[in-house]
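Hi,

Here is the structure I promised to pass on.

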Number of protein chains: 2
Amino acid sequence: MASIARSSLRLRSVTRVPTARAISTTPHLRAAAKPFFADEPAAPQLATAIPGPKNKAATAELDKVFDVRSLNMLTDYSKSIGNYIADLDGNVLLDVYAQIASIPVGYNNPHLTKVAQSPEMITSLINRPALGNFPSADWADILNTGILKVAPKGLNQVFTAMAGSDANETAYKAAFMYYRQLQRGGPEKEFTEEELKTTMTNQAPGSPQLSIMSFKSGFHGRLFGSLSTTRSKPIHKLDIPAFDWPQAPFPSLKYPLEEHAQENAQEEQRCLQETERLIKEWHNPVAAVVVEPIQSEGGDNHASPAFFRGLREITKRNNVLFIVDEVQTGVGATGKFWAHDHWNLETPPDMVTFSKKAQTAGYYYGNPALRPNKPYRQFNTWMGDPARALIFRGIIEEIERLNLVEHTAQTGDYLYSGLQRLAEKYPEHLQNLRGKGQGTFIAWDTPKRDEFLGKAKGVGVNIGGSGVNAVRLRPMLIFQQHHADILLESIEKIIKQL
Amino acid sequence: MASIARSSLRLRSVTRVPTARAISTTPHLRAAAKPFFADEPAAPQLATAIPGPKNKAATAELDKVFDVRSLNMLTDYSKSIGNYIADLDGNVLLDVYAQIASIPVGYNNPHLTKVAQSPEMITSLINRPALGNFPSADWADILNTGILKVAPKGLNQVFTAMAGSDANETAYKAAFMYYRQLQRGGPEKEFTEEELKTTMTNQAPGSPQLSIMSFKSGFHGRLFGSLSTTRSKPIHKLDIPAFDWPQAPFPSLKYPLEEHAQENAQEEQRCLQETERLIKEWHNPVAAVVVEPIQSEGGDNHASPAFFRGLREITKRNNVLFIVDEVQTGVGATGKFWAHDHWNLETPPDMVTFSKKAQTAGYYYGNPALRPNKPYRQFNTWMGDPARALIFRGIIEEIERLNLVEHTAQTGDYLYSGLQRLAEKYPEHLQNLRGKGQGTFIAWDTPKRDEFLGKAKGVGVNIGGSGVNAVRLRPMLIFQQHHADILLESIEKIIKQL
């Protein structure tokens with residue numbers, strides 16, 4: 001039955017990209033093409049111009065109480081399935097944006113439905129614990145069979161949070177406490193009277209003028225500490241007070257990589273040198289460096305594993321912590337469970353933050369000294385949400401059952417090769433194609449980017465951008481070759497309209 | 001059946017507090033004493049010393065992966081019901097701490113169970129939307145029948161968030177954007193090139209050195225912006241960089257209030273004058289003042305409605321926004337749905353933040369100019385969680401069905417009178433009793449506070465503190481007279497052990 005379904009899908013989503021076609025005949029990829037969602041539509045369905053009349057009316061209604069100017073599409077989740085997102089007017093789009101890269105195993109995933117109906121879920125929803133004070137008896141088990149089952153190598157503990165911004169900010173707080181503890185000479189050293197007094201008026205030494213270093217074009221969230229490390233776009237930062245923290249240069253690589261190997265290596269060296277200089281010289285001492293494996297919101301900017309290994313070396317050499325922000329890159333989309341698995345680090349990051357596809361959030365760590373020296377220093381009422389931790393466990397189970405990380409690596413290769421063909425055919429519209437070997441975490445630049453995104457729904461796909469010029473692909477982990485075929489065909493249709 | 005159940009409860013929870021007894025015979029309170037949870041135990045059940053062996057073993061297991069030094073009690077939520085919280089060793093305690101004041105309608109509330117099993121809940125859990133981009137078709141309805149149904153008077157819009165800290169921080173962000181917009185001369189004015197450039201390096205004018213004023217002993221959260229307004233205890237703030245923001249004095253009232261009326265009025269005047277002076281003179285201009293109706297974490301510090309009306313006048317006169325942080329006081333516990341309903345303000349607060357008993361979070365506002373002038377200035381991936389918004393709606397339904405706000409006002413009066421008797425009997429152990437007319441939001445000071453709290457579980461109650469010397473009562477809204485009787489009896493037992 002699966003192969004019949006596959007054939008019919010193929011008939012409807014035939015693509016004109018020969019290279020992609022060629023790759024799809026290799027045995028391991030044929031195996032991967034069995035549809036994960038039997039009830040998924042075979043192709044996008046367009047019923048009206050988008051937005052249609054029902055969506056327009058419902059959006060006007062919502063606007064009365066809720067700011068809708070960032071609204072992309074009011075969604076009928078009851079009709080969305082797998083890789084397909086539905087609106088109120090009968091339009092069903094192939095979704096390669098996936099709630100800003102946060103849906104991993106498909107809309108209305110049957111296994112997650114079971115998790116949502118489980119007794120554990122119900123008690124988590126109705127008896128929400130203050131996790132730091134009154135965790136449930138099975139909280140250790142929920143962590144060990146879920147969040148911690150997929151902990152990055154070398155990190156075996158977690159502080160749970162709500163979303164990406166507070167995951168990063170609590171990691172920063174841990175870094176500052178650790179830094180000052182080292183300065184004081186150990187966890188047993190008491191705070192001075194002056195520290196206890198000055199911190200109540202936000203002054204040093206109690207509230208020290210330390211810093212977190214981030215990279216140009218990086219994005220780490222929108223609360224006051226995380227926003228001070230976010231360097232993506234002015235609109236994210238304007239009018240909001242920020243800490244005087246340093247910004248290091250992020251490599252600006254040239255594509256195709258194989259034609260610019262030496263130049264790119266030099267660029268990465270330049271950035272590493274400047275990073276180390278800033279760590280040594282910045283007037284507010286640097287407690288930690290935070291970096292995304294692939295700068296996502298800021299434009300899908302990549303750097304090589306060598307660059308990140310260099311960064312790890314620099315942070316070690318200068319006794320600053322190394323925080324890897326895997327909020328967007330984590331949980332499989334790059335073809336590894338964690339994107340930093342691509343780097344082959346000798347020593348793991350000090351902290352790794354996660355959210356989005358995890359549906360919950362927090363930071364992993366390994367060094368016990370990163371637990372603050374006294375209780376209640378890293379604490380809040382809820383400290384995350386066990387309901388969302390249960391959903392993450394269900395997602396992990398789906399990823400394992402369907403081998404979705406390897407699957408995504410393979411689908412990504414297939415998709416990339418198709419895009420490469422398109423880039424050769426339409427070089428003016430598909431520039432700096434990047435993400436080779438990074439699963440489906442693929443992007444390119446295009447001079448008419450906003451026009452490109454605007455026309456995507458008209459050909460049946462929901463697709464997002466990043467930075468100023470980039471189209472970013474963020475399909476789910478259940479995105480398959482036949483979806484890639486539809487996507488490639490759709491991209492070509494859009495290009496022809498530009 | 002209800003009256004039989006009530007009688008049997010009374011037999012087991014007989015109290016020695018005559019005043020409370022006397023009050024319980026008034027007709028409206030007799031009516032309120034019908035048990036809300038038929039299956040609740042009639043009294044606390046103590047099976048072992050606390051923590052018992054199973055709790056100890058399970059805590060040691062959790063400690064391997066999760067910091068347990070703030071752990072109060074590993075909880076068996078399956079055996080917790082109504083006002084009673086169970087541990088793993090068979091101990092069942094009357095819970096007047098309620099997950100740090102965040103459980104409103106009882107453990108395993110049957111109506112919330114239905115909400116948790118509803119199709120809407122399941123889709124919210126498994127198809128988590130990026131609410132700013134892809135809200136569900138029924139998001140407006142979920143808001144209007146839930147969060148917005150209980151919006152404070154004069155405020156008809158909401159920005160949804162995850163928890164108290166980011167609710168406050170997003171309100172602060174809205175305040176800063178509004179402040180700069182006024183300075184610029186309106187929403188249509190464009191940002192300058194210099195602003196666009198400087199904000200990317202966290203410098204003024206793009207990242208201006210504006211401030212949020214908070215009050216001494218206030219608590220507003222633990223992320224970087226909210227922590228800069230938190231002034232509760234050094235342990236919450238030490239080693240974390242903070243903004244140079246002003247701290248106003250909060251009135252230090254003397255009790256009993258009726259004996260210190262003139263002195264207290266003068267103290268409030270002094271604080272108001274100093275607040276206004278700081279607004280006018282602080283080197284980083286003040287965009288907003290944030291205040292709790294009752295300072296909770298900082299020690300249950302109250303001020304009069306006149307003080308808050310004065311604050312509203314000062315903020316209006318000086319063109320700074322007035323943010324009321326109802327994270328702990330909101331949703332009925334003070335005998336009004338919002339604690340600031342006690343103030344009879346002429347103009348509503350500019351923003352009111354909420355979380356805890358709402359089980360979700362955000363800020364209410366009314367002035368359309370508080371929507372930032374462009375989209376994506378106030379935004380993040382999830383912008384809250386519809387699953388938790390559905391739970392809040394279920395809580396609101398329970399509050400309405402059982403008339404729990406009025407009920408809490410009445411139970412609070414009953415409880416307060418009982419505590420007043422105890423304070424007369426044990427003046428050294430029950431000082432500065434406060435919260436009269438504020439529902440069950442009651443506290444007092446006691447010189448041996450930590451010892452008091454430590455002994456509470458031994459007599460069958462789970463109870464919390466605030467500040468350095470205060471015992472804070474934070475029962476649920478379903479706390480009834482017969483629970484108050486047990487609590488009063490338990491408090492007397494503890495005092496006799498000190």
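**Strands in chain B**

In chain B, strands E10 and E11 (residues 361–365) pair antiparallel, with four bridges between them. Keep in mind throughout that this is a predicted model. Met351(B) sits opposite Tyr365(B) of E11(B).

**A sheet in chain A**

Over in chain A there's an open sheet of four strands, ordered E12-E13-E16-E15 and paired antiparallel. Strand E12 (431–434) and strand E15 (464–466) of chain A are at the edges with a single partner strand each, so each has one side without a neighbour in the sheet. Direction ignored, neighbouring strands of this sheet are turned by 25° against each other on average.

Inside that order, strand E13 (residues 442–445) and strand E16 (residues 470–473) of chain A run antiparallel and are joined by four bridges. One pairing to look up is Ile442(A), whose bridge partner in E16(A) is Leu473(A). Helix H15 of chain A (residues 404–425) lies across E12, E13 and E16 of chain A, and runs at about 15° to E13(A).

**Two helices, and the other chain**

Now for helix packing. Helix H7 (residues 119–126) and helix H14 (residues 386–402) of chain A pack at about 155°, with axes 8 Å apart. H7(A) and H14(A) are therefore roughly antiparallel. On the H7(A) side the contact is made by Glu120(A), Met121(A), Ser124(A) and Leu125(A), and on the H14(A) side by Pro386(A), Ala387(A), Leu390(A), Ile391(A) and Arg393(A). By type, the residues of this contact are six nonpolar, one polar and two charged.

Which residues of H7(A) are buried? They are Met121(A), Ile122(A), Ser124(A), Leu125(A) and Ile126(A). Their cover comes from both chains: it includes helix H6 (110–117) and H14 of chain A, along with helices H6 (110–117), H7 (119–126) and H14 (386–402) of chain B.

That brings me to the interface. Chain B puts 120 residues into the contact, and chain A puts in 120 residues. The area buried between chain B and chain A comes to about 10700 Å², with carbon and sulfur atoms giving 60% of that. Of the area that chain B buries against chain A, 8% is supplied by Phe66(B), Phe134(B) and Asp239(B), more than any other three residues supply.

One joins Tyr255(A) to Pro256(A), with omega near -5°; Pro256(A) lies in the loop between strand E5 (247–248) and helix H12 (261–281) of chain A. Another joins Ala204(B) and Pro205(B), with omega about 5°. Pro205(B) is in the loop of chain B between helix H10 (193–198) and strand E4 (211–215).

Asn202(B) is in the loop between H10 and E4 of chain B as well. Its phi is near 65°, a positive value in a residue other than glycine, and Asn202(B) is buried, at a relative accessible area of 4%. In chain A, Gln99(A) also has a positive phi, about 55°, although it isn't a glycine. Gln99(A) belongs to helix H5 (residues 98–101) of chain A, and it counts as buried because its relative accessibility is 0%.

**One last residue**

Tyr426(B) sits in the loop between helix H15 (404–425) and strand E12 (431–434) of chain B. Is it buried or exposed? Its relative accessibility is 12%, so Tyr426(B) counts as buried, the cut-off being under 20%. Leaving out residues up to four places away in sequence, Tyr426(B) touches Glu492(B), Ile495(B) and Lys496(B). From C-alpha to C-alpha, Tyr426(B) and Lys496(B) are 9.4 Å apart in space, while 70 residues apart in sequence.

Cheers

Definitions and conventions:
Residues are numbered from 1 along each chain as its sequence is written. Chains are lettered from A and ligands numbered from 1 in the order in which they are written. This is a predicted model: local features need pLDDT of at least 70, side-chain atom pairs count only at pLDDT 80 or more; totals for chains, interfaces and linings use all residues. Side-chain values use heavy atoms; hydrogens and water are left out. Two strands pair if DSSP finds at least two bridges between them. Axes are lines fitted to C-alpha atoms, for helices over the stretch in contact, and angles run from 0 to 180 degrees between N-to-C directions. Angles under 35 degrees count as roughly parallel, over 145 as roughly antiparallel, 65 to 115 as roughly perpendicular and the rest as oblique. Contact means heavy atoms within 4.5 Å. Ala, Val, Leu, Ile, Met, Phe, Trp, Tyr, Cys and Pro count as nonpolar, Asp, Glu, Lys and Arg as charged, and the others, Gly among them, as polar. Buried area is the accessible area (1.4 Å probe) that two parts lose on being put together, summed over both. Buried means under 20% relative accessible area, exposed over 50%, partly exposed in between (1.4 Å probe, protein chains only).
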